[in-house]
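Student: I would like to learn how to read the features of a protein model. Can we go through one together?

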Amino acid sequence: VMELLKLGAVLRQFAPRCTNVRIEFARRSWSDSRRIFWRSACVKAESVGGSRSDDKDDSLSPDGAADSRAPSEEDAQVAKDIMSLRMNRSTRFVLLRTLPLKAQPELKGSDMKALGAEIEAKTEEACLRHVHRISDERSRAHIHLCAFALAAHDVLLARIPHDSNRVLSMLWRAFGAGEPYDPASPPPRDPHLTVLPAYYVQRFMMYLSRDKLEAGKRIGSHFMRDLGDQFDAKVVHTDGDRYELDVSKCLYNDFFRAENKLHLAHLFCALDRSLFSIFRNIDYKVRFSLDETLTSGHDACKFCLTRCQNESEALP
């Protein structure tokens, strides 16, 4: 407790400065958001008058590929705006440095800056193909993550053509998802997920929570708010001993199905599991399961939390 009080005293000295930085960041981010969504709204308004209709899913063409209409100048500008957002630039900065590129024998002697530039160029191309999916503030970040994963996979696979499993492993580790596993089978007992700062926040929340299941419901509520309009999510069960959140439409599933790279969507399924990895602690007597997912051919991704009577039942 004394250490926490000392830390609080130090943080209070920097609070005014941090507050000003947060206000400036929020102001600029909001300005970027308005510019992007105004342009994307114009693009969608123009497309409604053509062959596309709002009454059906326009995210896929008849052959299952991404939107096949010729990209316009407005589309290209929206894609550039997605790439230039501070949040997305920071994401690329981190991921390009967490990819274990220098450890690969095939990449020794390669120009890493040129390799990173190629990944960024292909990321922008993928954003351009799926710019029609922008519908709200969160979709720009989700599309950027999908596009980066696709671009990094394709660029690395071209240089390491005979070891696709190693390329997937590089991607999973860069995103902090551990090692790839078969989505049709239960995940490993200890997937060795990278410990992120949010994990410690969750641990502190769980320590303060008298009802661990209620704390899990709050995690699910925050998760739903982060999804955005390109997802259909609803709480199916929320009684005393069970909580179930169903996601029947997923931007990641739609994106990678359109690109015919559905196996890359499993990476983001693993990241969703990591949000609830705090319940690997059997002392909480709450069992988490995600046994059905859209990427595995089910009707919905079913996030389930169940209260258990003893620790043995809490084992996944």
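Tutor: We will take the overall layout, then helix packing, contacts, salt bridges and the surface. Keep in mind that this is a predicted model.

Student: Let us begin with the layout. How many helices and strands does the protein chain have?

Tutor: The secondary structure comes to 10 helices and four strands. Read along the sequence, these elements follow the pattern α-α-α-α-α-α-α-α-β-β-α-α-β-β.

Student: What percentage of the residues in the protein chain is buried?

Tutor: The protein chain has 316 residues, and buried residues make up 41% of them. A residue counts as buried when its relative accessible area is under 20%.

Student: Next, helix packing. How are two packed helices described?

Tutor: They are described by the angle between their axes and the distance between the axes. Take helix 5, residues 137–159, and helix 10, residues 262–275. These two pack at an angle of about 125 degrees, and their axes are 11 Å apart.

Student: Where does helix 6 come in, and at what angle do the axes of helix 6 and helix 10 cross?

Tutor: Helix 6 spans residues 164–174, and its axis comes within 10 Å of the axis of helix 10. The two axes cross at roughly 30 degrees. Angles under 35 degrees count as roughly parallel, and helix 6 and helix 10 are therefore roughly parallel to each other. Helix 6 also passes helix 10 in a right-handed crossing.

Student: Now for residues that are apart along the chain. What separates the C-alpha atoms of Thr-91 and His-144?

Tutor: The two residues are 53 residues apart along the chain, and their C-alpha atoms are separated by 9.1 Å. Thr-91 is found in helix 3, residues 86–98. Thr-91 has a relative accessible area of 23%, so it is partly exposed.

Student: Which element or loop holds Ser-72?

Tutor: Ser-72 sits in the loop between helix 1 (2–48) and helix 2 (73–84). With a relative accessible area of 25%, Ser-72 is partly exposed. Between the C-alpha atoms of Ser-72 and Leu-128 the separation is 9.5 Å, and the two are 56 residues apart along the chain.

Student: Let us turn to salt bridges. What can side chains of opposite charge do?

Tutor: Such side chains can pair when their charged atoms come close. In this structure there are 16 salt bridges. One of them joins Glu-120 and Arg-92, with the closest N and O atoms 3.2 Å apart. This pair links distant parts of the chain: Glu-120 belongs to helix 4 (residues 112–129) and Arg-92 to helix 3, 28 residues apart.

Student: Are Glu-120 and Arg-92 buried or exposed?

Tutor: Glu-120 is partly exposed, with a relative accessible area of 30%. Arg-92 counts as buried, at 6% relative accessibility.

Student: Which salt bridge does Glu-214 form?

Tutor: Glu-214 forms one with Lys-217, and the closest N and O atoms are 3.2 Å apart. Glu-214 and Lys-217 are three residues apart in helix 8 (residues 212–227), so about one helical turn separates them. Glu-214 counts as partly exposed at 33% relative accessibility, while Lys-217 counts as buried at 12%.

Student: Which residue meets Arg-307 in a salt bridge?

Tutor: Asp-241 does, at 2.9 Å from N to O. Distant parts of the chain are linked by this pair, 66 residues apart: Arg-307 is in strand 4 (residues 301–307), and Asp-241 is in the loop between strand 1 (232–237) and strand 2 (242–249). Arg-307 is partly exposed at 29% relative accessibility, and Asp-241 is partly exposed at 43%.

Student: Which residues are linked in a network of salt bridges?

Tutor: The network links Arg-242, Glu-244, Asp-246 and Lys-302.

Student: Last, the surface. Which residues make the nonpolar surface patch of about 410 Å²?

Tutor: Phe-204, Tyr-207 and Leu-208 make that patch. Tyr-207 is part of helix 7, residues 197–208. Its relative accessibility is 68%, so Tyr-207 counts as exposed.

Note on methods: Residues numbered from 1 in each chain as written. Predicted model: local features only at pLDDT ≥ 70, side-chain atom pairs only at ≥ 80, totals over all residues. Heavy atoms only, no water. Patch = residues over 30% accessible without salt bridge, like charges linked within 9 Å, V, L, I, M, F, W, Y side chains within 5 Å. Areas by Shrake-Rupley, 256 points an atom, 1.4 Å probe, with all protein chains shown as cover. Salt bridge = Lys/Arg side-chain N within 4 Å of Asp/Glu carboxyl O. Buried < 20%, exposed > 50% of the residue type's maximum accessible area, 1.4 Å probe, protein only. Axes fitted to C-alpha atoms, helices over the stretch in contact; angles between N-to-C directions. Parallel < 35°, antiparallel > 145°, perpendicular 65-115°, else oblique. Left-handed = near helix turned anticlockwise from the far one by under 90°.
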